[in-house]
Amino acid sequence: MLSSLLATKLYIPPARPNRVPRPRLFDQLNSLRPLTLVTAPAGFGKTTVLSEWIPTSGIGATWLSLDDGDNDPVRFWVYFITALQKLSADLGENALVLLHSPNPAPIASVLTTLINDLASFPDEIVIILDDYHLIKSRDIHESLTFLLDHLPRQMHIILTARADPPLPLARLRARNHLTELRVQDLRFTVDEVASFLNKVMDLSLSSQDIAALETRTEGWIAGLQLAALSMQGHADKSAFTQAFTGSNRFVLDYLVEEVLGHLPKDTLNFLMHTSILERLTASLCEAVTGETNSQGMLEELERANLFVIRLDDERKWFRYHHLFGDLSRYRLNQAFPDRIPELHLNASQWYEQAGFIDQAVQHALAAQLVDRAAMLVEKVAPAMIQRSELARLLNWLDTLPNDVVQSRPLLALYYCWGLFLSGQIIQAETWLQSIETVSARAEVQLTAAAQGHIAAIRSYLMLQTGDFASTINLSKQALAQLPEQDVLLREMVALNLAMAHYIKGDFQSASQLLTQIIARGQADLLMANTLSSIYVKTYLLRIQGRLQEAFQLCQDGLDLIARRGWQNVPAAGFVYIAFGDLLRERNEHGAATEYLEKGIELGKEGAHPHILIIGHVWLSLLRQAEGDEAGSHTALQSALLVGQQQQVSRFWPIPHAASYQARLWIAQGDLMAVERWAQTNPVELPVSHLYEIDYIIMARLRIAQGDLGGAEGLLSHLHDGAAAAERNGSLIEILVLQAITFAAQKRNEEALSTLAYALGLAEGQGYIRIFLDEGPPMVELLHQAVAQNLHASYAMHLLNALGEKSPAAAALQALVEPLSERELEVLHLLSEGLSNDEIARKLFLSTGTVKVHLKHIYGKLAVNSRTQAVARARELNLL
């Protein structure tokens with residue numbers, strides 16, 4: 001979250017009690033369309049008319065006063081959403097979480113989440129963005145255009161600006177989505193000039209004088225106000241109205257001289273010295289000027305109507321009218337040019353002590369105090385990196401001279417992080433080298449924290465090059481040297497280390513690290529790191545055949561998501577797709593579809609290529625299992641397209657879409673296409689676990705081609721590698737294919753013993769589709785397994801999932817009340833002589849639950865003991 005959100009930026013300027021009624025403008029504003037544009041030069045009352053309209057509108061309104069610092073897209077939209085939350089505290093909360101993520105989603109994804117929130121909001125609302133002409137960022141203009149194109153009907157945006165913003169105004173006009181108030185609308189009419197001068201300013205002017213002033217100022221409100229203030233010092237008001245002519249600029253210069261010339265010297269000096277401030281409060285003004293009684297001065301300026309605007313109800317914060325502030329700064333430059341750096345320094349020091357580091361940096365830069373600015377940026381940079389305010393950080397650092405940045409190693413390293421995290425990898429590497437070179441040349445000993453940052457950045461760079469040994473060493477070095485308070489960076493490095501261990505095949509070390517990362521990562525700051533770690537660990541558990549543990553981990557992850565309110569965060573898509581595919585493996589198609597599609601949706605919102613590829617590949621397998629070949633093809637093509645269009649780490653644990661496309665071709669009989677794929681993936685032994693799935697699919701191709709000997713040889717190599725590394729998830733699939741290969745060669749005894757091995761590994765873990773997806777050859781083998789009492793209850797369970805019936809299954813129907821699938825599992829383990837405790841451990845149940853199952857089994861079989869139960873089950877061909 002932003003460390004220093006200025007509440008005064010969100011304050012609706014109060015309407016003055018003695019104001020000129022402007023019903024014609026209110027009527028135009030009441031005709032709200034998606035966008036209302038109020039454009040005119042300074043001094044035409046843009047802000048005033050809106051602040052006066054709001055209380056009459058009957059619409060929930062919120063306000064955001066913009067300044068130059070809002071050109072960082074993350075900062076802009078954080079303020080935007082925070083302004084909306086003045087209307088409802090939870091409005092846009094999920095979008096804020098996305099913005100605060102250390103690896104933020106694209107702004108379009110953030111806005112999609114916000115739009116969905118706004119669409120469900122029951123009331124009509126409007127947000128006013130004041131001084132939008134200060135926004136120069138193309139990214140902000142484009143993202144605001146996206147919001148306008150998808151704005152819910154009850155939401156309206158009003159922009160005030162001095163010129164037309166670079167938005168698609170012509171398109172909005174053509175759609176009747178734009179209301180416009182311009183100079184000709186805002187300028188005072190003759191009647192409004194009369195009301196202002198005689199009722200508000202109490203000048204008692206004649207109609208001729210009013211008409212003359214209206215003609216001279218062309219209804220320009222700031223000019224009229226200055227003229228009225230000037231007249232208060234003139235006895236002959238009619239003569240005064242004839243004393244100036246010309247353009248607004250000339251009139252302004254003349255009138256300002258008239259107004260300021262009548263002010264006491266201390267008031268004039270106060271105006272000039274405090275004109276460097278965007279917002280004014282008594283203690284800040286006193287720190288800048290060195291004078292006391294600033295509160296009294298500010299209140300007196302407000303009472304005198306001297307272009308001071310109150311920003312809160314307590315009269316603590318004010319600002320100058322922009323035009324008046326510009327003129328006061330111009331006079332300051334003329335009268336006290338040498339004092340300007342000192343004034344900015346005083347302001348910078350006050351803001352630093354008050355905790356507003358952003359403003360402290362701005363004033364230090366304005367004073368050209370680059371060393372102080374560098375010190376302040378170094379202080380705030382870690383928080384800005386965590387909040388992903390990279391554009392603003394890099395802009396500050398680009399403003400500072402290179403030698404100043406390089407002279408502060410930690411600041412230079414923050415620059416490296418900003419470049420690296422914004423995708424400027426080559427520039428980050430160049431800066432990293434320059435830091436090391438400068439430090440070596442100057443013989444400067446880097447601090448442990450700086451060395452930790454260098455090690456952390458290099459560990460990321462090494463992982464991308466495939467140097468895993470260096471990645472591990474550098475990650476460990478970084479964790480030993482980084483300060484404990486660098487929580488996010490330490491957890492990111494820990495995940496990087498876990499990934500390196502996974503890639504090297506050290507699953508135990510990877511798993512231990514992931515468990516620790518997940519346990520520590522319950523805060524919003526660590527959300528993306530934690531959720532992606534849950535996915536990676538689930539993937540490892542699946543490779544190891546520990547499906548039940550993977551299922552529980554995902555359920556715990558879903559509980560965490562619900563508890564922390566992360567349901568709509570793109571990174572939650574990792575957990576949804578992981579859980580969805582576990583459900584697919586358990587043959588729960590409806591629930592699997594729901595979770596996979598939800599994960600894919602979040603992946604699209606976050607433009608997250610890994611989530612999209614994984615989700616679409618697994619959705620393709622689900623559609624194939626359902627017999628929907630077209631749907632399977634579409635999902636797989638989506639995965640392939642993402643891989644072609646977006647940069648994807650070759651080491652991230654994701655299913656290879658091209659390999660699964662080859663598997664789909666095999667299922668559809670397009671062996672020529674698979675052969676072309678295989679030619680681009682020649683067999684190289686030994687097989688790395690990273691490419692194990694590719695070789696399994698090559699074995700499938702050889703089976704489909706009738707090359708059973710070739711398939712057997714390849715599967716034998718795969719079997720040895722998976723068994724040695726205890727990759728039981730992979731081993732089950734390999735054993736299934738080996739069993740089918742043996743059966744096709746009429747080697748039934750080997751086929752059944754191999755199948756029994758697979759069933760033994762899979763039983764109790766919830767595996768179903770890994771067997772059923774093999775079709776008729778596996779169905780026949782399962783029937784034989786039941787007949788020969790090889791994991792019979794589990795084999796029957798798999799056949800039941802296909803709607804197949806065996807003689808043993810028919811025996812179950814003879815019972816008054818058939819045994820449940822779980823009771824059959826317990827009965828089977830009972831026949832193997834396992835104790836209650838052993839059965840409980842095998843099935844991940846409590847001992848008490850096993851006893852309940854035994855009681856039900858005894859009752860249904862009409863027996864009283866374990867021995868009788870086994871004997872009766874054999875009579876019924878249940879065993």
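Leu824 lies in helix H45, where helices (H or I, at least four residues) and strands (E, at least two) are DSSP runs numbered from the N terminus. This is a predicted model, so to speak with care: local features need pLDDT of at least 70, side-chain atom pairs count only at pLDDT 80 or more, and totals for chains, interfaces and linings use all residues. Residues are numbered from 1 along each chain as its sequence is written, and side-chain values use heavy atoms, with hydrogens and water left out.

**Around H45**

With a relative accessible area of 5%, Leu824 is buried. Here buried means under 20% relative accessible area, exposed over 50%, and partly exposed in between (1.4 Å probe, protein chains only).

Two packed helices are described by the angle between their axes and the distance between the axes. Axes here are lines fitted to C-alpha atoms, for helices over the stretch in contact, and angles run from 0 to 180 degrees between N-to-C directions. H45 (residues 821-831) and H47 (residues 847-861) have axes that come within 10 Å and cross at roughly 90 degrees. On the H45 side, Arg822, Glu823, Val826, Leu827 and Leu830 meet His853, Leu854, His856, Ile857 and Lys860 of H47, contact being heavy atoms within 4.5 Å. Those contact residues split into five nonpolar, two polar and three charged. For the classes, Ala, Val, Leu, Ile, Met, Phe, Trp, Tyr, Cys and Pro count as nonpolar, Asp, Glu, Lys and Arg as charged, and the others, Gly among them, as polar.

H48 (residues 866-875) also packs on H45: the axes come within 10 Å and cross at roughly 110 degrees. So H45 is roughly perpendicular to H48 as well. Leu827, Leu830 and Ser831 of H45 touch Arg866, Ala869, Val870, Ala873 and Arg874 of H48. This contact has five nonpolar, one polar and two charged residues.

**The sheet**

Now for the strands. An open sheet of five strands runs in the order E2-E3-E4-E1-E5, with parallel pairing. E2 (60-65) and E5 (178-181) sit at the edges with a single partner strand each, so one side of each has no neighbour in the sheet. From one strand to the next, the twist averages 15 degrees. Two strands count as paired if DSSP finds at least two bridges between them.

| Strand pair | Sense and bridges |
|---|---|
| E1 (residues 35-39) and E4 | parallel, five bridges |
| E3 (residues 125-130) and E4 | parallel, five bridges |
| E2 and E3 | parallel, six bridges |

As for individual partners, Leu37 is bridged to Leu159 in E4, Ile128 stands opposite Ile158 in E4, and Gly60 has Ile125 of E3 as its bridge partner.

How many of the seven residues of strand E4 are buried? Seven of the seven (residues 155-161), so the strand is largely enclosed by the rest of the structure. Met155, Ile157, Leu159 and Ala161 point one way from E4, while His156, Ile158 and Thr160 point the other way.

Definitions and conventions
Parallel < 35°, antiparallel > 145°, perpendicular 65-115°, else oblique.
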